[in-house]
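Hello,

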Amino acid sequence: MIDKQDNSQKAPHEIPEDLRRSKGFIFHFPQDNHRYHDLYSDLDLRENLKEFLSDILEIVGNGVEYCSFEQITTHLSDKNKPSGKTLIYSRVKNLTETGLLQEDRYYRQDLKLRNIKIYTLGKPILKPGVDAKYLAEEAKPVGDNNKSAEAERKLELLRNQFDDQMLSKPSNRSYRDMIMSSMLAKCIRLDSHDQRQKLETHFSYKDEAIDVTTTTQIDGSIAMSSDIRYTMVITTFTLEVMLEYINKYGDPEKKPDNVFVIDLSEVCTHIGNKRTAGNRLTAYRAIKRLYQTNFEIRTPQESEFARQFLEGYNEANYRFLTDFRALMFDLTEEDDLFTNEPEENLLEGEIKNPRWIRISLWTASFDSMWSQAVARYHAQQSEKAAALPPIVNFIQNPEVVKNPTPLTYQLYSHISAWVGVSGHDKKACSVSDLHFYMLRTSRYQNFLRSLIKVLNSVQDPDKPQITNDTAHFKVNLYGYFIEGTSQIEQRGRKGFYLTFSRDTKDKFIGDRSRHNQLKALANAQEIVDSQKQTEPDSSPVEGEYMAGPAQLAKLREELNKDPDDPSIAKAKIMKPNNDGSWDLEPYEMFPEANS
């Protein structure tokens with residue numbers, strides 16, 4: 001504590017100047033304790049306290065010692081978590097009573113600063129005799145756990161009624177719905193601070209004007225940036241259900257119903273969250289907002305956008321989900337397992353700790369995904385199975401959905417559509433242009449703040465954090481390099497000149513990715529087929545480069561391995577030996593990269 005009369009005494013806390021006059025308390029994570037950063041998650045605390053502390057530790061660390069109550073509130077709100085003043089102060093008080101936090105006061109008479117309450121995080125050790133109400137409950141045997149038994153009973157009821165609409169085992173794959181993640185993500189809210197119920201957005205697609213009016217139900221909310229990753233999870237799960245369905249029945253003509261049952265605990269796992277009631281509720285609310293959000297789309301007659309996304313119609317009312325219902329609790333085998341009314345007519349208080357939801361996709365999206373599942377099934381049944389990419393429109397790095405930073409998913413989708421997953425194109429624009437292209441419904445300063453959060457989420461931990469004043473930076477956003485140079489934007493605003501390019505060594509979109517190898521093999525197969533048609537009886541002569549059926553089969557065998565298998569062979573080409581035999585030799589798939 002500082003003696004108020006001794007202004008020359010060194011302050012016990014060097015609080016950053018921009019935080020000194022902030023409202024509420026200050027949270028302090030001493031530099032000496034940063035080495036324990038990963039140990040706090042192992043404490044024997046109740047889940048709500050552990051999760052709250054984990055959220056704060058996302059703000060401090062990596063050289064940052066202090067954060068304010070206002071920053072904590074904003075961070076929780078951006079993650080769609082409860083961020084009320086009463087709740088935050090209650091959590092801080094509880095952590096203080098466990099001995100993890102120490103309360104202190106900071107006063108500087110010479111600076112005429114108020115008494116600032118500071119909570120300092122100590123080492124990850126709980127004080128002796130901590131009240132049991134703050135500790136995690138002891139695990140009970142499954143047979144004695146009524147909640148677990150009830151969950152198993154519900155799962156059995158669900159399987160009996162909806163087995164074909166449920167995913168048996170999620171895989172570590174990730175796909176995205178193109179119209180939602182790339183196009184209509186421009187037409188939603190940036191974050192929860194934007195309370196508008198109607199948005200007007202105008203953009204162009206291949207030089208054609210697109211007008212979109214975004215609305216929601218009377219008591220609903222328009223979707224926001226952090227909700228987009230849930231569209232990716234739903235797209236992944238529903239596509240995998242379709243693939244399981246067609247492989248189970250072996251009949252492409254037997255089309256499944258556009259009804260899917262999703263376990264929100266699996267959703268949490270897929271995006272890298274713990275399977276807690278709070279995280280399930282967060283996912284539930286995000287998916288509900290996606291259901292409540294309506295896009296009234298108007299395009300020119302016979303536009304490319306209408307042809308590609310709207311089944312040829314130049315006007316459409318699009319919803320990512322056309323139905324959304326929650327599993328009710330008091331069930332018998334005779335009950336309808338889900339609410340009779342869509343979720344828009346159900347009070348949230350009537351849904352307690354939701355785990356299972358039933359959804360339906362927009363019809364055009366469902367049909368497009370089913371067509372891809374059928375195409376993949378046909379390819380698997382033919383001898384040229386590996387010559388065709390199994391999924392053509394939904395490829396992405398599964399780590400994208402695990403990044404909790406809002407705007408990540410829109411930025412990744414925007415860059416992937418702009419730069420592509422092959423070739424060596426570089427794209428460049430200012431932050432002002434990016435704001436205009438991606439989310440012009442938001443304010444520029446809010447967009448820039450969110451963009452910097454995304455960049456810092458993938459910044460090398462050994463490098464300083466990016467700020468408005470950073471002169472230059474370069475980060476890798478899941479296979480796409482983003483390089484920025486500080487500049488003054490329109491109206492004298494701070495910003496960056498941004499350059500985007502593909503990481504040619506990336507596992508998912510690099511030159512040696514499964515997608516690009518399959519693409520190269522498909523091209524080689526076309527050449528072979530063309531040679532057979534023009535010269536069916538010809539034999540290879542010395543010096544000719546051509547692939548035979550046996551060699552292509554060998555390539556396909558290699559490519560049929562798991563996409564993450566590091567032993568996948570590099571692309572090969574056929575070359576004759578002096579004795580008339582043929583060998584596979586490596587070749588450069590993209591020779592122009594070295595020119």
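Below is what I found, starting with the whole chain and then moving to individual places.

First, some background. This is a predicted model, in which local features need pLDDT of at least 70 and side-chain atom pairs count only at pLDDT 80 or more, while totals for chains, interfaces and linings use all residues. Residues are numbered from 1 along each chain as its sequence is written, and side-chain values use heavy atoms, with hydrogens and water left out.

**The whole chain**

The chain has 595 residues, and 48% of them are buried (buried means under 20% relative accessible area, exposed over 50%, partly exposed in between, with a 1.4 Å probe and protein chains only). Its secondary structure comes to 16 helices and 17 strands; these are DSSP runs numbered from the N terminus, with helices being H or I of at least four residues and strands E of at least two. Of the contacts with a separation of 6 or more, 69% are between residues 24 or more positions apart. Contact here means heavy atoms within 4.5 Å.

**Helix α2 and its surroundings**

Eight of its 11 residues are buried: L49, K50, E51, F52, L53, D55, I56 and L57. These buried residues pack against β1 (26-28), β2, α3, α4, β4 (116-121) and α9.

How does α2 sit against α4 (residues 85-97)? The two helices pack at about 105 degrees, with their axes 10 Å apart (axes are lines fitted to C-alpha atoms, for helices over the stretch in contact, and angles run from 0 to 180 degrees between N-to-C directions). They are therefore roughly perpendicular to each other; the classes are under 35 degrees for roughly parallel, over 145 for roughly antiparallel, 65 to 115 for roughly perpendicular, and oblique for the rest. On the α2 side the contact uses N48, L49, F52 and L53, and on the α4 side I88, R91, V92, N94 and L95. By class, that contact has six nonpolar residues, two polar and one charged (Ala, Val, Leu, Ile, Met, Phe, Trp, Tyr, Cys and Pro count as nonpolar, Asp, Glu, Lys and Arg as charged, and the others, Gly among them, as polar).

Strand β2 (residues 66-68) contains S68, which counts as buried at 2% relative accessibility. Leaving aside neighbours within four places in sequence, S68 is in contact with L19, S22, F25 and I26.

Helix α9 (residues 277-292) is mostly covered too, with 12 of its 16 residues buried. Its first and last C-alpha atoms are 22 Å apart, close to the 22 Å expected at 1.5 Å a residue; the expected span is 1.5 Å times one less than the number of residues.

**Aromatic pairs**

The structure holds 19 aromatic pairs (rings of Phe, Tyr and Trp, the last by its six-membered ring, pair if their centres lie within 6.5 Å; planes under 30 degrees apart count as stacked, over 60 as edge-to-face and the rest as tilted). One of them is F69 with Y89, a tilted pair at 5.4 Å centre to centre and 50 degrees between the planes. This pair joins helix α3 (residues 69-78), where F69 lies, to helix α4, where Y89 lies, 20 residues apart. F69 is buried at 12% relative accessibility, whereas Y89 is partly exposed at 28%. Together with F25 and Y119, F69 and Y89 form one aromatic cluster.

**A buried methionine**

M242 is in helix α7 (residues 228-249) and is buried, with a relative accessible area of 0%. Not counting residues up to four places away in sequence, M242 touches F260, L361, F366, M369, W370 and A373. The C-alpha atoms of M242 and M369 are separated by 8.1 Å, although these residues are 127 apart along the chain.

Buried or exposed: which is Y478, and which is R491? Y478, in the loop between β13 (472-477) and β14 (480-488), is buried at 17%, and its phi is near 50 degrees, a positive value in a residue other than glycine. R491, in the loop between β14 and β15 (494-502), is exposed at 78%, with a positive phi near 60 degrees.

Happy exploring!
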